[in-house]
Structure formats: structure tokens, C-alpha cells
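We will go from stop to stop, and at each one you will hear what to pick and what to look for.

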Amino acid sequence: MENNRRLLLAIALTVLVIVATQFLFPTPPAPAKRPGATADSIAAAQPGQPAPAGAAATPAPGAPGAPGVPAVAGVAGDTTAAGTPAVGAATPALPVETALVAGSRAAYAVSSAGGALVGAEMRNYQTLAPGTQGSAQLARRGEPLLSYRLVVPGDTIALARTPMRATRAGGTVQLQGTATSRLGQSIPVSITYGFAPDNYTLQVRGTAGVTGPAFLLVDMPATIAPTEKDTLDHYNHLAYAWKPQNDDASSVAFGKLDPGERELIAGPLTWAVAKSKYFILGVLAPNGQQFSELSITGGVRGAKVATHAQGTVVVPLTNGGFAFDGYAGPQEWRRLVAMGREFETSNPYGGWLQGIVQPFATIVIRLILWMHDALRLSYGAVLIALGVLVRLLLWPLQQNAMRSQIRMQRVQPELQAIQQKYKNDPQRLQVEMMRVYKEHDVSPFAMLTGCLPMLLPMPIFFALFFVFQNTIEFRGVEWFYLPDLSLKDPYYIMPVLVAGTSFLLSWIGMRAAPPNPQTQMITYMMPAMFLFFFLNVASGLNLYYLVQNLVALPQQWLLARERSKSAPPLVQGTPLKRA
């Protein structure tokens with residue numbers, strides 16, 4: 001009776017914690033629109049149409065060079081003719097124009113104001129953001145994806161204020177202009193883009209007419225336009241990441257930076273990226289070269305959600321020249337691998353467990369993509385097959401572990417009797433317990449080793465948890481009644497099934513087992529915790545775990561049956577035969 005009361009009290013407290021959590025930590029509201037900013041300006045500008053006239057340049061809070069950023073509107077109409085100069089005379093009074101380079105998968109726009117990259121349209125991916133339609137756009141109005149500043153002795157010149165002559169030939173856009181320092185020094189500047197839109201890649205090369213030490217500051221995107229249905233989730237995934245030359249990649253989310261908080265990442269660095277949940281814009285040092293450092297600053301927040309930050313890569317000029325490669329596109333794993341320089345680790349998984357989780361995540365994503373392509377299975381079928389495969393591979397290990405636990409349970413009465421008898425004589429207690437283990441052929445570590453096989457699937461589970469957060473291959477994939485495997489189950493059927501099968505597994509496992517109040521409590525608490533956890537994770541992860549539970553049910557039933565047929569708990573001195 002006392003145990004039942006404790007059990008009911010534990011369940012009541014668990015329910016109270018779950019319910020109270022919803023009130024104490026409510027879901028933050030979606031970020032409010034910033035004054036003067038229009039929502040998703042890029043999405044409103046359709047390819048092939050001119051940019052909205054008078055598009056206002058709304059500087060991002062804390063964005064680099066924001067006061068001087070001209071009003072450009074992402075991927076708009078190409079205002080330059082191929083091979084024809086777009087701007088006759090480089091004077092500030094001339095209107096800003098854009099050059100468009102388009103392919104079947106992507107289109108990019110470059111502004112004649114400082115050579116900024118102002119648009120990236122993903123033609124194979126539709127935007128899901130509320131109030132938008134058409135292809136996903138990465139840039140917001142007036143907020144370039146890449147812009148530049150020139151550091152010369154005595155001055156830092158924002159090239160956004162420098163009108164340049166733009167010419168386009170095929171996938172190449174060349175811009176030339178003259179920057180003026182505050183000391184009145186005229187500095188000729190040239191920037192050349194080489195785009196491969198179908199690979200989402202670009203090469204940037206340039207020169208500046210300076211002598212002595214000088215640097216190019218490459219300002220990364222201060223934000224990435226929303227592309228997902230869950231706008232809050234989109235902003236929560238905004239982050240900068242970087243790869244030191246001799247260390248693993250690291251990242252920091254916008255939400256981890258306080259407004260104005262500055263973090264300096266010392267070089268040499270191989271690459272740096274700004275990324276959302278599924279899209280990424282990265283700059284990579286050419287092979288054999290490195291970036292000097294990366295500066296990151298938290299942006300001003302109009303709401304609790306961090307929507308902006310500032311990231312600047314420092315590129316040293318060599319004999320007045322600079323160069324870097326770029327990637328602006330979806331986080332398709334194979335394309336990231338093809339970039340080399342460990343660019344696929346731009347999503348550092350696992351936090352302080354990165355050294356363990358990242359290799360598993362790499363193996364899991366390779367296996368999933370291989371099964372999808374080689375076996376021609378849908379991603380839903382791949383997750384089912386993976387769940388069955390992992391559980392079957394671990395079946396023998398778990399079988400042995402559970403049998404060890406059964407043997408340990410059978411000698412527990414004798415061990416408890418010895419513990420009571422020699423509780424005041426630790427040395428004698430130790431000797432007697434070892435004698436019992438030896439006589440009954442039971443390992444004293446059976447309880448510990450019995451748990452290890454149950455933990456073996458966890459690295460794969462954790463890897464899948466992180467893979468589902470960024471792997472665009474799952475985006476929008478339907479399976480059965482689920483509209484999107486990368487999102488949570490909108491009907492909450494999967495989490496309920498996972499919790500139900502978890503309870504069934506525990507209930508079968510308790511059959512014919514010695515009464516244990518702690519085990520009874522876990523039997524009821526674990527399914528409740530599973531339900532709470534799986535409510536808000538990707539439905540694909542729910543599907544994988546549900547399959548594992550279903551495959552484990554017959555194994556658990558067979559072991560419970562074996563336990564019920566085995567000998568009753570041993571009395572002191574009774575030899576034990578192997579089960």
C-alpha cells in the first residue's frame with residue numbers, strides 16, 4: 001500500500017511538472033516586424049521582374065556599414081547587358097544597378113554599389129514562410145549577403161558607398177570603381193565574381209591599388225530571410241560557424257549573443273559561414289591560404305528572438321590582391337562535402353559531445369542517403385529499415401545482457417541475506433558476496449554490463465536527432481499521413497504511439513520479475529517522459545524510434561517468458577545453472 005501511494009505521488013508530481021512547464025516557459029512569440037521593414041522583400045520580387053522602385057534600404061541592427069548600404073532588392077531584374085558596361089561614369093548620383101547570373105538551380109544578384117552580393121534565389125526549393133510564395137530567397141531587402149570594407153593605413157573604407165562599373169559575361173560579373181579615403185586618397189578597386197549557379201558556388205577575386213599592409217573585411221549576412229513555415233524555428237537556427245585551421249569546427253547561435261556582445265575568433269581560419277536551418281552562405285579560403293580572423297557581434301533585438309548579428313571575416317591582401325571561394329545554397333550534404341576543406345562540418349553536432357556525435361552523424365547521413373539512392377526507398381521507408389536493422393544487429397547483445405540480469409535477479413535474495421548478516425563487517429561482506437558470485441557464475445558487474453547494450457543505439461539516436469535539425473533532404477518529405485518528416489507530427493499520433501509502446505515494453509519486462517517499487521515507478525515515468533520529449537521533435541525521429549520499439553517487443557516477450565519458466569529465486573547456498 002505504501003509503495004502504491006509513493007507511485008501515485010510520483011506520477012502526480014510528474015504530471016504537475018509537465019503542465020507547469022508549459023506555463024512557466026511559454027513558447028516565445030514570433031519576432032515583431034521591425035519598423036520600416038517589409039516582410040520578406042525578396043520573396044515579393046519575382047525573378048525577371050525589376051526591383052521594387054524606391055526599395056528602402058533598412059539597415060539591420062548592428063549590420064556592417066548599415067548606414068551606407070544602398071537600397072538593393074535581392075534577385076531582381078538584370079539591369080546590365082552581357083558584356084556591356086552598366087554604369088557609364090562612377091559617380092554617387094548614378095542609380096544603383098544589379099547584375100543577375102541565373103542557372104537552373106539558383107540565381108544570384110550583384111549590386112554595382114561596392115560589388116555587394118545582394119540576392120540568392122534557390123530555384124529548386126520553395127519558400128514555406130507565411131505570406132510568401134515562389135522560390136526560397138536568402139537575402140532580405142537592403143541587407144546584402146556579402147559586402148566589403150577596405151582597411152588601409154589610417155582608414156577603413158566601406159565599399160558600399162563606392163559606385164562601380166559592372167560588366168557581365170556568362171557566369172562572370174566584374175566590377176571596377178574608385179574608393180576614396182577620408183584623407184582624399186583615391187584607391188582603384190576591382191572585384192570579379194565567377195558563379196556556378198547549378199553548383200551553388202562562386203569565386204571572388206579582386207585587387208585594390210594600395211601599398212603596404214591592407215585587409216579586406218568581408219561582412220557576412222546579418223540575417224537570412226525566413227524560408228520555413230515555423231518562423232520562430234528559423235530564427236532559432238540562425239548561427240555563424242567557423243573552421244580553425246587545426247581544430248574542429250565551432251558555431252555560435254545568434255540567440256547566444258547579447259546585443260553588442262563581441263566575440264573575436266583568432267585565425268588562421270579555413271572558412272566561415274552564416275546559416276539558417278536549411279540554407280548556408282559560406283566563404284572559404286582558397287587551398288593553401290587562410291583567413292586572419294573572424295569577428296562576431298550580437299545584433300539589436302526588437303523582441304526576445306535574435307534575428308540579426310554581425311559577422312566579419314578578415315582577409316589579408318597579398319600584393320594588393322585578395323581571393324576567396326563561396327557557397328550560397330542548401331545544406332545538401334554531398335554538395336558540402338564536394339566543397340572540401342571539411343565544409344560538411346559547418347553544422348557542428350553534439351556540443352561538448354561533438355567528438356562522439358559528429359562521426360556518428362556522418363555515418364548515419366551517409367547510410368541514409370545511400371539507402372535512399374541505391375535501394376530506391378523513400379525516406380520514410382529508409383527510416384523504418386534503419387530502425388529494424390539497428391535493433392536486429394543489437395539483438396544478440398541485448399539477449400545476453402538481459403539473461404545476465406535475470407541471473408543477477410535470482411541471486412538477489414541470497415545477496416540481501418548476506419548484506420544483512422555482515423552489515424557491520426565490510427571485509428567479510430565483500431568476501432561472502434564474491435563467493436556467491438563465483439558459486440553461481442554471476443558477474444558482479446552484470447547489472448552494469450547489462451545496461452551497455454541498451455545504450456548502444458543511443459549514439460545513432462542522438463545522431464539522427466541532430467541530422468533531422470539541418471538535413472534538407474528531409475524537408476517537405478511526406479510519408480503516410482505525415483506531411484513533413486522534418487517537422488513534428490501535427491496530429492501527435494507518433495509521440496503517443498512511442499510512449500504507448502515504451503510502456504508496453506516496460507510492462508512486459510516486469511512480468512515474473514521480483515517486485516521492485518523503483519522499477520514500477522520507472523515503468524510509468526519513462527513513457528510520460530518519452531511523450532513529453534517526442535511531442536516537439538521531428539516526426540521522422542518518432543517513426544524511427546517507434547519501429548525500434550515494435551521490433552523489441554517480441555524479444556522482450558520471449559525473455560519474460562524465459563524468466564517465468566526459470567527457477568525461483570535462490571536460497572542461500574543453492575548452485576545456479578546458466579539460463
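Begin by selecting strand S3, residues 117-126, together with S4: three bridges join the two strands, which run antiparallel. Within this pairing, find Glu 121 and look across to Gln 137 in S4, which stands opposite. As you have a predicted model on screen, take each stop as a description of that model.

Now widen the selection to the whole sheet. It is open and has four strands in the order S1-S2-S3-S4, with antiparallel pairing. Strands of a sheet pair through backbone hydrogen bonds, either parallel or antiparallel. Which strands form the edges here? They are S1 (98-102) and S4 (135-137), each of which pairs on one side only. Turn the view to look across the strands, and you can follow a twist that averages 20° from one strand to the next.

Next, go to the loop between strand S17 (309-316) and strand S18 (321-330), and select Asn 319 there. Its phi is positive, about 55°, although Asn 319 is not a glycine. Is this residue buried or exposed? Asn 319 has 82% relative accessibility, so it counts as exposed.

A second residue of this kind is Tyr 492, in the loop between helix H9 (457-470) and helix H10 (493-510). Tyr 492 has a positive phi too, near 60°, and is likewise a residue other than glycine. With a relative accessibility of 36%, Tyr 492 counts as partly exposed.

From here, colour the spans that the unreviewed UniProt entry lists as "transmembrane region"; among them are residues 377-397, 492-510 and 522-547. Residues 492-510 are 95% helix and 0% strand, with end C-alpha atoms 28 Å apart. For residues 522-547, the end C-alpha atoms lie 22 Å apart, and the span is 85% helix and 0% strand.

Select H6, residues 379-421: its 43 residues should span 63 Å at 1.5 Å a residue, and the 59 Å between its end C-alpha atoms agrees with that. Where does H6 bend? Zoom in on Trp 395, where the bend is about 50°, and note the proline Pro 396, which follows within four residues.

Then move to H12, residues 539-565. This helix of 27 residues reaches 39 Å from its first C-alpha to its last, close to the 39 Å expected. At Ala 552 in H12 you will find a kink of about 30°, shortly before Pro 554.

For the last stop, show the side chains of Phe, Tyr and Trp. Counting rings whose centres lie within 6.5 Å, there are 23 aromatic pairs. One of them is Phe 468 with Phe 474, a stacked pair with 4.5 Å centre to centre and 25° between the planes. Both Phe 468 and Phe 474 are buried.

Compare that with Phe 533 and Phe 534: their ring centres are 5.1 Å apart and their planes meet at 85°, so this pair is edge-to-face. Phe 533 is partly exposed, with a relative accessible area of 35%, whereas Phe 534 counts as buried at 1% relative accessibility. Finally, select Phe 461, Phe 462, Phe 465, Phe 466, Phe 530, Phe 533, Phe 534 and Tyr 545 together, and you have a cluster linked by ring pairs.

Conventions. Residues numbered from 1 in each chain as written. Predicted model: local features only at pLDDT ≥ 70, side-chain atom pairs only at ≥ 80, totals over all residues. Heavy atoms only, no water. Expected span 1.5 Å × (residues − 1). Bend = angle between axes of the 7 residues up to and from the residue. Phe/Tyr/Trp six-rings, centres within 6.5 Å; stacked < 30°, edge-to-face > 60°. Buried < 20%, exposed > 50% of the residue type's maximum accessible area, 1.4 Å probe, protein only. Pairing = 2+ DSSP bridges. Axes fitted to C-alpha atoms, helices over the stretch in contact; angles between N-to-C directions. UniProt positions renumbered as here; feature names shortened; annotations may be inferred.
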